[in-house]
Amino acid sequence: MRVVAILPARYGSSRLRGKPLLDLWGKPMLWWVYQQVRKSRKIEEVWVATDSPEIQAMCRERHMLCRMTSPQCPTSTQRVWEAAQSIPADVYVCVNGDEPLISPEVVEAVLPQKLSGFYARNLMAPVRSPVELLDESNIKVVTDVTGRALCFSRSPIPHPKGSLEVTYYKHLGVLAYCREALDFFAATPKGPLELVEDVNELRFVEHGKPLEMVPVEGESLSVDTPKDLERVRAILRKRLEQGEVELG
């Protein structure tokens, strides 16, 4: 089973423009994500998929594999699909380019033991603070008893009316798809919920396709705001001081 990771990276983020190239202790944020994913022995190649000449130039300078994609790609999943057209694999792992703290062990949790039929799997992690719960950039998810996704929302779900015994989960930017699942996504129009919530994964849920959610523990923080960037810098500084990571 050939597994390839693709890191979608867009320069023109509406909330934090140019964030894949933002400096984290002398290295671009995207470099940190790339290095973390490369540590996995289960992933054969790591590619960046971007529409930005600036990001492409950074990848060349730092010897990171890169594919240019269309500026018209409407979603990160569509960008992964486009890059996958010229990158053969059985499983494509999408790791968002704004997850510099992600660990290779967490990334590997999204992989199948063996591949059979339609395969789409995402990671989710417990929400640890009210700030995370209320932040619309943290996508919340609920599942059925088998772990299949029922709904995604930028609002806190489920609502604790009947009981306060609830663990909230947020969607992590680590996803795995077989080629059939990526083709389905690219060929299927957005449903009404996806149009409202602006959450890619609702494409599968709204059209009746199985999307498995895997709960994981571990430190992860997607960088969406300047405050997120400062938090990540502080965490990486501590890891550098303790020798847990290296600048290379």
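**Entry 1: the core.** I began with the nonpolar core, which is a set of buried Ala, Val, Leu, Ile, Met, Phe, Trp, Tyr and Cys residues joined through side-chain atoms within 4.5 Å. Buried here means under 20% relative accessible area, exposed means over 50%, and partly exposed lies in between (1.4 Å probe, protein chains only). The largest such core has 75 residues, and Ile6, Leu7, Val48, Val93, Val95 and Phe152 touch the most other members. Helix H1 (residues 29–38) gives the largest share of this core, seven residues.

A note on the source: this is a predicted model, where local features need pLDDT of at least 70 and side-chain atom pairs count only at pLDDT 80 or more, while totals for chains, interfaces and linings use all residues. Residues are numbered from 1 along each chain as its sequence is written, and side-chain values use heavy atoms, with hydrogens and water left out.

I then picked leucine 7 and listed its contacts (heavy atoms within 4.5 Å). Not counting residues up to four places away in sequence, leucine 7 touches Leu30, Val33, Tyr34, Val46, Trp47, Val48, Ala49 and Val95.

**Entry 2: helix H1.** Helices (H or I, at least four residues) and strands (E, at least two) are DSSP runs, numbered from the N terminus. How many of the ten residues of H1 are buried? I found nine, so the helix is largely enclosed by the rest of the structure. They are Met29, Leu30, Trp31, Trp32, Val33, Tyr34, Gln35, Gln36 and Val37.

**Entry 3: helix H6.** Next I went to H6 (residues 179–187), where Ala181, Leu182, Phe184 and Phe185 are buried. Looking down the axis of H6, I see its buried residues fall within an arc of 160° (taken from the directions from the helix axis to the C-beta atoms), so they line one face of the helix. That face packs against helix H3 (76–84), strand E6 (91–95), strand E7 (120–126), strand E10 (169–178) and helix H8 (202–206).

The partners are arginine 179 and aspartate 183 (3.4 Å, N to O). Both lie in H6, four residues apart, about one turn of the helix. An α-helix has 3.6 residues a turn, so residues three or four places apart point the same way. Arginine 179 is partly exposed at 28% relative accessible area, and aspartate 183 is partly exposed at 34%.

**Entry 4: the other salt bridges.** The structure holds ten salt bridges. Lysine 19 pairs with aspartate 98, with the closest N and O atoms 2.9 Å apart. Lysine 19 sits in the loop between strand E1 (3–9) and strand E2 (23–24), and aspartate 98 in the loop between E6 and H4, so the pair ties together parts that are 79 residues apart in sequence. Is lysine 19 buried or exposed? I noted it as buried, at 11% relative accessibility, and aspartate 98 is buried at 11% too.

Leaving aside neighbours within four places in sequence, aspartate 98 is in contact with Lys19, Met29, Val33, Leu221, Ser222, Val223 and Asp224.

Arginine 203 and glutamate 194 form another salt bridge, with the closest N and O atoms 2.6 Å apart; both residues are buried. I also found Arg2, Glu44 and Glu45 linked in a network of salt bridges.

**Entry 5: asparagine 200.** This residue is in the loop between helix H7 (192–197) and H8. Asparagine 200 counts as buried, at 12% relative accessibility. Not counting residues up to four places away in sequence, asparagine 200 touches Thr75, Ser76, Thr77, Phe185 and Glu194. Its side chain makes a polar contact with the side chain of threonine 77 (3.3 Å). For the record, a polar contact is a pair of N or O atoms within 3.5 Å; within protein, one must be able to donate a hydrogen and the other to accept it, and residues adjacent in sequence count only if both atoms are side-chain atoms.

**Entry 6: cysteines.** I searched the whole structure for disulfides (pairs of cysteine sulfur atoms within 2.5 Å) and found zero. Cysteine 59 is buried, at 0% relative accessibility. For cysteine 73, the closest cysteine sulfur is in cysteine 94, 12 Å away and also too far for a bond. Cysteine 73 is buried, with a relative accessible area of 10%.

Note on methods
A salt bridge is a side-chain nitrogen of Lys or Arg within 4 Å of a carboxyl oxygen of Asp or Glu.
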